[in-house]
Amino acid sequence: MPCAGREWENGVTALVLMVVGLVIGAVAGGYGMHLAASSAGGVRRFPARALADPVAIGDADTITVDELPVALVVLSRGGRLLHAATRAQSEFAEGLGTLIRHPALQRAVADLQPGGVSEVRIEADVPVRRVVQAFVKSGSWHGHSACVVVLLDATARDALDRARSDFVAHASHELRTPLAALIGFIETLQGPAANDAVARQKFLAIMARQAGRMQRLIDRLLYLSRVQMLEHQRPQGQVVLPDLFARLNDELQGKPAEDRAAVIIHAPPAGTVRGDADQILQVLVNLCENALRYGRPAPPAVARIDVAARWLETGGLVISVRDNGPGIAAQHLPRLTERFYRVSQPAGRNGGDQGTGLGLAIVRHIVDRHGGRLDITSTPGQGTCCSVWLPQG
């Protein structure tokens, strides 16, 4: 597999370099996109023909940089943006400026020798993590020295590599405990307790819980991996708030009656936000599950979890999930969204089940994908409030 991965990367690199060569040939040969100021003060674009060939004056013989099926930009030797192809604008959107200003790319442009070509890896963490391979080649743009940069998005592949590393570093450790318990109980049932009906029923119940724990962990890991691969792609759908809250109510019907009674879903305001409805629903489900698991007050107090939404005058929507539980100490709050991070619970709470430590990590990545913010506030003894802000458009 490692050899196959290297062959794939080498093949992609060779293909991109070939495209870069074609681009440079087109640009240096006179094909490109002229920019001219219109009378209205805007920018008017029209294709430039190869002036060296007096025959190539028909529209059928006109080639523009924007027609090439690659995400490319043209930079001056000082690193200033001269042109961004349509593919680059649509693929990288508002993150394009961050990539162009990245020190690694600016350094590669500054150090590039005439006629040279270089490859640079760009890692940007704002607003979300994105990994891009940039292929830089010197050339000319309308008679001036410039650089053509082809951008190849490697974020999905990087997320997959990170998921594999995380699985080896963390998930294997998390699976070891329930797996060891299963093996121990199986050996006991095959040996000393082979004919003990009471012990068999007791052990089988424990084995079922341990197997369910492993299943939840694997499901969460797979879901988190899918979310991370799409995190850099802003969703284009529309989420209707009343429909979202109705789906949340339906989702909670599968919970025990006591849990359903503890969750109070307030009627949401009318309106829509841009987003992936399934992922936003997953955010609310995860927050409610966390509140049900960790946000219960000590008896005789009755658990109450409020789910509400409101529009802000300053713009955007805030959805909050608030509980009246024991709260969380301040030193834990900054780390709650880390993968596998869990706050130790007092003995006897939650039946000893500490969860997977992935629920809030999933929430954070989904919120980041939507361009929103997650805010967690808590007061020990009074409860915890998780607020998600989402932009309206």
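**Salt bridges, an open sheet and a pocket**

In this predicted model, a salt bridge joins the side chains of Glu289 and Lys255, with a distance of 3.0 Å from N to O. The two residues belong to distant parts of the chain, 34 residues apart: Glu289 is placed in helix α9 (residues 277-294), whereas Lys255 is found in the loop between α7 (241-251) and α8 (257-262). Glu289 has a relative accessible area of 24% and is partly exposed, and Lys255, at 23% relative accessibility, likewise counts as partly exposed. Side chains of opposite charge can pair when their charged atoms come close.

With regard to accessibility, Arg296 counts as partly exposed at 21%, whereas Glu258 counts as exposed at 59%; the latter assignment follows because exposed means over 50% relative accessible area.

Within helix α10 (residues 359-369), Asp368 and Arg364 are four residues apart, about one turn of the helix, and their side chains meet in a salt bridge with an N to O distance of 3.8 Å. Asp368 has a relative accessibility of 22% and counts as partly exposed, as does Arg364 at 28%. A network of salt bridges, in turn, links Arg121, Glu123 and Asp158. In total, the structure holds 13 salt bridges.

The model also contains an open sheet formed by five strands, which are arranged in the order β4-β3-β7-β6-β5 with antiparallel pairing. Strand β3 (residues 71-76) runs antiparallel to β4 and is joined to β4 by three bridges; Leu75 has Leu81, in β4, as its bridge partner. Helix α4 (residues 103-111) lies across β3, β5, β6 (130-141) and β7 (144-153), and the direction of α4 is at about 165° to that of β5.

Turning to the pockets, the second largest pocket has a volume of about 330 Å³. This pocket is lined by 20 residues, of which Phe92, Ala93, Glu94, Arg130 and His232 are the closest to its centre. Helices α2 (86-92), α3 (96-100) and α10 each contribute at least two residues to the lining of the second largest pocket, and the largest share, three residues, is supplied by α2.

Terms used
Residues numbered from 1 in each chain as written. Predicted model: local features only at pLDDT ≥ 70, side-chain atom pairs only at ≥ 80, totals over all residues. Heavy atoms only, no water. Pairing = 2+ DSSP bridges. Contact = heavy atoms within 4.5 Å. Axes fitted to C-alpha atoms, helices over the stretch in contact; angles between N-to-C directions. Salt bridge = Lys/Arg side-chain N within 4 Å of Asp/Glu carboxyl O. Buried < 20%, exposed > 50% of the residue type's maximum accessible area, 1.4 Å probe, protein only. 1 Å grid on protein atoms, 1.4 Å probe; cavity = no way out; pocket = protein on both sides within 12 Å on 5 of 7 lines; lining within 4 Å. Points joined across faces, edges and corners; volume = space filled by probe spheres on them.
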